[in-house]
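This report is meant to be read beside the sequence and the 3D structure. Please keep both in view while going through it.

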Amino acid sequence: MVYEIQKNFLLPDTTLLKNLQEDGILFKIHELEIFYTKITYSQSVKFKSLDGFYYKIIETNDKILEQNQEEQISKKEFEKARKKSIGKGIKKKRYEFKFCSLKSFIEVYNKSKICILKIFFPTLDEANRFILPYEFKIQKEFDYILDSKFITLYGCDFEQINIEKYFKSIEKNQVFDLKFSGLINAFEGYRIFLFYLFKKLKFYWNLALDKKKEEYFYQFISYADKINIILSDTEEIFDKNLNTNLSLRFQEIVEKSNIFFQNDKNIEALLLFLSSENLQSLFSDFDFFIKENSFYEGSQKDKLFKQILADEFRKKLIFFKKNLLKNFENEKFSRSFSGLLIFLEYFCNFFDIKPLNKLNEKFFLFKDREKAIIKIIKKREKFFKLISRINRELKIYKGY
């Protein structure tokens, strides 16, 4: 019998496993290590260690071609391939047994001690009719394919994300590190990120009004611009009309503030603008926008944040390269530079991609934007090669 349909459940701990063992259920126990050296939408190359035997598996996403080509390899070949692995490898112990005559696994992941129950079904109808006993105490059922490829890309931090804890942490700590679970969805991820930018903006707004120093005004304008850019990128994550309205209002802050600075640094006029009721109203609206969690959701809200960020990174790199080739002094280039800079500043380490870190370190860690542009122009060929490598690696997340 071919088991093609599977249901995956998160267990709270190993209690179910111990109870089944006490009830006399027989298990086949396997030690597994899995890593990938290639992941694309069409093909993946996986290496697997199973109970002291080693395998190379080529998985093809094609209805015509055979999906898996497996060959046994030596330990030496396995260890050599490990050096080219993507992300972190997976180590787990699998307990195989029969539950209601169905092939089933309980998998315990070594590092995180996460326990997953997998049950395989011969037909979709049987899978849909199946109900687990209450005493199994399942924490959640996964509504996506939970395989080694998915866990390699997104990890296995399956604990429910408490967004209020993120908000409270940001309130207390202005240097909050934006480290997210790979399984946070786009709606929650962007809300947390925008809340962080908003708190930084209000911090420099208060400093600017109190100290009246240029550096604080510029920081305030910078964060208003960052919020505007991020809102422009998230029309499908949030309600499009509300999103656009708020984006335009932050854009107006940036444009008007810059006019005051260009006009003989008219600080008094800028102070009046920053103290206006319109600005206070925007702050109130935006605070509500971030904290409300239901009525303004967009069509892409449930996509994984990491997948959305990978797609946005690729877009920003492509448009930046395109604008650089045309004219690096035009307005489009300036906007594409700013957008890419934001993503590199906050999300470069969200992906385990060496060329991405190298791009950031070699070309963008300059306080003076002009110095960065000059270096990019001088080493354009090397810069473009890095972009190509990054795009190939970010494509891993496309459609998965």
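The text below looks at one helix and then at salt bridges.

The model is predicted, so that local features need pLDDT of at least 70 and side-chain atom pairs count only at pLDDT 80 or more, while totals for chains, interfaces and linings use all residues. Residues are numbered from 1 along each chain as its sequence is written, and side-chain values use heavy atoms, with hydrogens and water left out.

**Helix α10**

Helices (H or I, at least four residues) and strands (E, at least two) are DSSP runs, numbered from the N terminus. Helix α10, residues 277-291, has 15 residues and spans 21 Å from its first C-alpha to its last, which is close to the 21 Å expected at 1.5 Å a residue, the expected span being 1.5 Å times one less than the number of residues. Leu 279, Leu 282, Phe 283, Phe 286, Phe 289 and Ile 290 of α10 are buried, where buried means under 20% relative accessible area, exposed over 50% and partly exposed in between (1.4 Å probe, protein chains only). These residues lie on the same side of α10 because they cover an arc of only 130 degrees around the axis, the arc being that of the directions from the helix axis to the C-beta atoms. An α-helix has 3.6 residues a turn, so residues three or four places apart point the same way. The buried residues of α10 pack against α5 (163-172), α6 (186-211), α7 (214-233), α8 (240-262) and α9 (267-274), with contact meaning heavy atoms within 4.5 Å.

**Salt bridges**

A salt bridge is a side-chain nitrogen of Lys or Arg within 4 Å of a carboxyl oxygen of Asp or Glu, and a search of the whole structure finds 22 of them. Among them are the pairs in this table.

| Pair | Closest N to O |
|---|---|
| Glu 107 and Lys 92 | 3.2 Å |
| Asp 225 and Arg 335 | 3.2 Å |

Asp 225 lies in helix α7 and Arg 335 in helix α12 (residues 331-347), so this pair ties together parts that are 110 residues apart in sequence. Asp 225 is buried, with a relative accessible area of 17%, whereas Arg 335 is partly exposed, with a relative accessible area of 34%. Both Glu 59 and Lys 46 are buried, and so are both Glu 107 and Lys 92. Beyond these pairs, Asp 233, Asp 311, Glu 312, Lys 315 and Lys 316 are linked in a network of salt bridges.
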